[in-house]
Amino acid sequence: MVANPPSLPPIEMGTDSFHSDSFANPATNGHGDGNGNGFVADGAPPATAVSPSSPVAPAVLAPPEKTEPDESVLKAVDDVLFSDIGVNTLLNRLKQSIASAKDFAVFLKRRGALEEEHANGLKKLCRSTFETIRKQDARHGSYARQLEEVMKVNERMAENGSQFGLSLHQMHEDLTELSNTMERGRKQWKQTGLAAESRVQEAEKIMEKAKAKYDSLANDYDRVKTGDAGAGRKFGIKGPKSTAQHEEDLQRKVQAADADYLAKVQAAQAQRQELVSTSRPQAVKAVQELVTECDSALTLQLQKFVAFNEKLLLNNGMAVSPVNIGEAAGNLPPSLREIVFKIDNEKDFHQFVTSHTSKIPAKQGDYKYVKHPTLVTQSAQPTPPVQQPAQPRQSLTMQTSQPPPSFSIAQPETPESPQMQLGIHQAPPATQPLSQTQSQPYNTGYQQPPPQQASPYDRGFTQQPSYAPSYPQTSSSPYAPAPAAAPSPYQQPPQNAAVSYGNLPPVKPVFGITLDDLFRRDGTPVPMVVYQCIQGVDLFGLDLEGIYRIPGTSSHITAMKALFDNDASKVDFRNPETFHHDVNSVAGLLKQFFRDLPDPLLTAEHYTEFIDAARIDDETVRRDSMHAIINALPDPNYATLRALVLHLNRVNEHSQANRMSTSNLGICFAPTIMGQHRGQIADSGLQARVIVTILDNVYQIFDED
């Protein structure tokens with residue numbers, strides 16, 4: 001009777017029974033305390049081990065007690081194992097165990113990849129959040145300090161997840177190696193065990209044939225001896241044989257068949273005895289040991305998986321809320337709840353406001369209304385009497401020693417008339433002198449006002465009273481109209497010339513021209529339309545969701561296309577008014593340029609080479625093959641492709657905001673820069689794979705530039 005496989009003890013947390021260097025034995029990589037207490041993230045003090053006797057220790061579930069199998073069951077198992085179907089049965093059972101180990105290994109691989117991807121994404125998010133916190137326009141104070149602590153906790157959790165993913169990857173490799181070993185053992189014992197069974201079966205078949213021949217001859221001999229007419233007469237070389245001769249021949253044949261049958265029976269018995277006593281027990285024992293080893297190893301890996309999950313949750317829990325136990329309570333970092341509760345909004349507000357104390361402007365005195373001296377002088381004079389028409393005015397020839405005219409009746413102060421405020425007075429008679437020996441101490445109000453200067457905010461027109469004389473304008477405003485124009489008071493400022501495209505003639509066409517022709521004509525390896533579109537998207541569209549996927553406005557694209565075909569040097573996409581604040585139209589214009597090329601950017605000559613390279617499964621070989629093809633492109637194509645790929649790499653770096661990963665960009669740009677697929681429909685997927693490979697290896701492919 002074959003002994004049962006030994007039962008495996010449960011794996012406890014904090015022991016060194018795990019063989020994963022990255023997660024189960026953290027003391028080897030600087031993340032543990034060296035005492036087998038499990039993984040501890042960087043920057044955090046080691047947590048105190050929780051003993052089973054501690055009141056807060058988690059309950060350790062003991063394995064269920066196994067009952068001994070019934071004797072009848074064991075006897076039935078032995079009957080099957082040591083029968084003719086025993087080896088086949090064990091081989092099928094081993095095949096099932098190997099398949100289960102492979103399935104669980106695949107699960108571990110995918111789960112580990114998910115954990116590592118999640119950990120890397122969380123680390124990247126924490127780094128970007130750290131940079132955002134330190135920006136000048138972000139909130140500082142206790143909020144920034146505590147948020148940094150929250151990010152550190154998340155980094156520790158990400159590190160825990162990364163170590164967990166590495167441990168699962170190691171378990172996947174162990175199970176894969178185990179499955180391969182079991183496969184080799186099964187193949188060996190399948191050949192050995194089944195060969196012994198086949199030899200016995202072959203000996204038994206030969207024995208059965210010998211027995212059938214012996215029985216047939218014995219029956220014929222018996223009929224001849226009893227004189228049965230059905231036995232027939234036998235003919236020899238010299239004629240028919242007599243009954244005696246025939247009987248004698250049959251007797252010799254029966255004796256020979258009897259001896260042969262006896263030998264075959266003895267050989268079959270020897271083969272059967274050797275199989276039952278030696279070959280079959282060896283094969284059954286070996287295959288059963290393989291089954292036991294495979295099942296035990298798979299159970300061990302399952303127990304390790306459970307332990308690693310518990311350890312991951314425990315470490316994350318200790319990072320979020322450390323357990324205060326014993327003497328180590330004072331050395332533990334604060335919990336996530338305590339970190340958040342330390343944010344003092346009122347204190348942060350006060351600190352922010354008081355930090356601007358030095359920027360307070362100097363206090364100014366009280367505001368007082370002060371009237372202009374000229375207006376004060378004029379308002380202080382009494383209203384002069386009405387003079388006769390024939391009496392000349394004396395104000396322009398008055399001497400300084402002559403006192404001002406006095407009036408006997410004082411008039412109350414009256415507001416100035418509109419004519420005096422506007423300075424509209426009649427000029428003095430031509431017979432009076434135009435120069436004075438000294439200016440009057442008061443303003444008589446009879447001087448002609450100078451022409452007004454245009455304000456820098458003037459929109460190109462000046463509004464004058466209907467009774468005022470017309471003077472030539474001397475304004476320096478860029479929007480001032482020509483003198484012959486008759487401006488309206490409601491005239492708007494002229495729009496940017498780049499916005500109003502109109503029907504522009506294609507003076508220097510860009511669309512539909514080969515890159516070589518553009519290079520020879522303009523002297524730039526990267527066309528100006530490509531440069532301007534990349535510049536516009538870099539400035540205004542990197543964080544726009546669906547950039548290069550959402551189409552722009554057809555009318556905007558057509559108008560900008562006409563502008564570039566007229567004179568590309570006049571376009572400047574740094575001003576969003578140039579493209580109507582529609583970045584999607586700029587992206588559509590760039591794709592339209594590549595679609596209109598007579599020869600695609602990656603050229604029709606190298607299309608088949610790119611597709612063949614995309615079929616290569618090995619990533620390194622596929623990248624190197626495409627690198628060689630790209631190096632063979634013409635100079636304008638190479639320079640334009642390099643500018644485009646570096647730009648798409650910047651778009652991919654903002655994929656969290658714009659949702660444009662390398663796969664999405666590959667789908668959008670594959671037919672644009674490679675042309676329509678020529679072979680089977682599967683070529684469309686290979687086209688996208690070409691673009692994705694270039695984007696994933698942008699700095700390796702263009703490292704020499």
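Analyst: A salt bridge here is a side-chain nitrogen of Lys or Arg within 4 Å of a carboxyl oxygen of Asp or Glu. Aspartate 348 and arginine 139 meet this rule, with their closest N and O atoms 3.2 Å apart. The pair joins distant parts of the chain: aspartate 348 sits in helix α6, arginine 139 in the loop between α2 and α3, and 209 residues separate them. Helices (H or I, at least four residues) and strands (E, at least two) are DSSP runs, numbered from the N terminus.

The model is predicted: local features need pLDDT of at least 70, side-chain atom pairs count only at pLDDT 80 or more, and totals for chains, interfaces and linings use all residues. Residues are numbered from 1 along each chain as its sequence is written, and side-chain values use heavy atoms, with hydrogens and water left out.

The two partners differ in cover. Buried means under 20% relative accessible area, exposed over 50%, and partly exposed in between (1.4 Å probe, protein chains only). Aspartate 348 counts as buried because its relative accessibility is 8%, whereas arginine 139, at 35%, counts as partly exposed.

Glycine 141 belongs to the loop between α2 and α3 (142-225). With 17% relative accessibility, glycine 141 counts as buried. Leaving aside neighbours within four places in sequence, glycine 141 is in contact (heavy atoms within 4.5 Å) with Asp348 and Gln351.

Phenylalanine 349 is part of helix α6 (residues 345-354). Its relative accessibility is 53%, so phenylalanine 349 counts as exposed. Together with Phe352 and Val353, Phe349 forms a nonpolar surface patch of about 330 Å² accessible area. Patches are made of residues with over 30% relative accessible area and no salt bridge; like charges are joined within 9 Å, nonpolar side chains (Val, Leu, Ile, Met, Phe, Trp, Tyr) within 5 Å. Accessible areas come from the Shrake-Rupley method with a 1.4 Å probe, and for residues only the protein chains shown count as cover.

In helix α2, glutamate 115 and arginine 111 lie 4 residues apart, about one turn of the helix, and their closest N and O atoms are 3.0 Å apart. Glutamate 115 is buried because its relative accessibility is 15%, while arginine 111, at 21%, is partly exposed. In helix α3, glutamate 149 and lysine 152 are 3 residues apart and so separated by about one helical turn; their side chains meet in a salt bridge (3.7 Å, N to O). Both are partly exposed, glutamate 149 at 31% and lysine 152 at 38%.

For the setting, the structure holds 24 salt bridges, and the chain contains 19 helices and 2 strands. Of its 705 residues, 33% count as buried. Among contacts between residues at least 6 apart in sequence, 75% join residues at least 24 apart.
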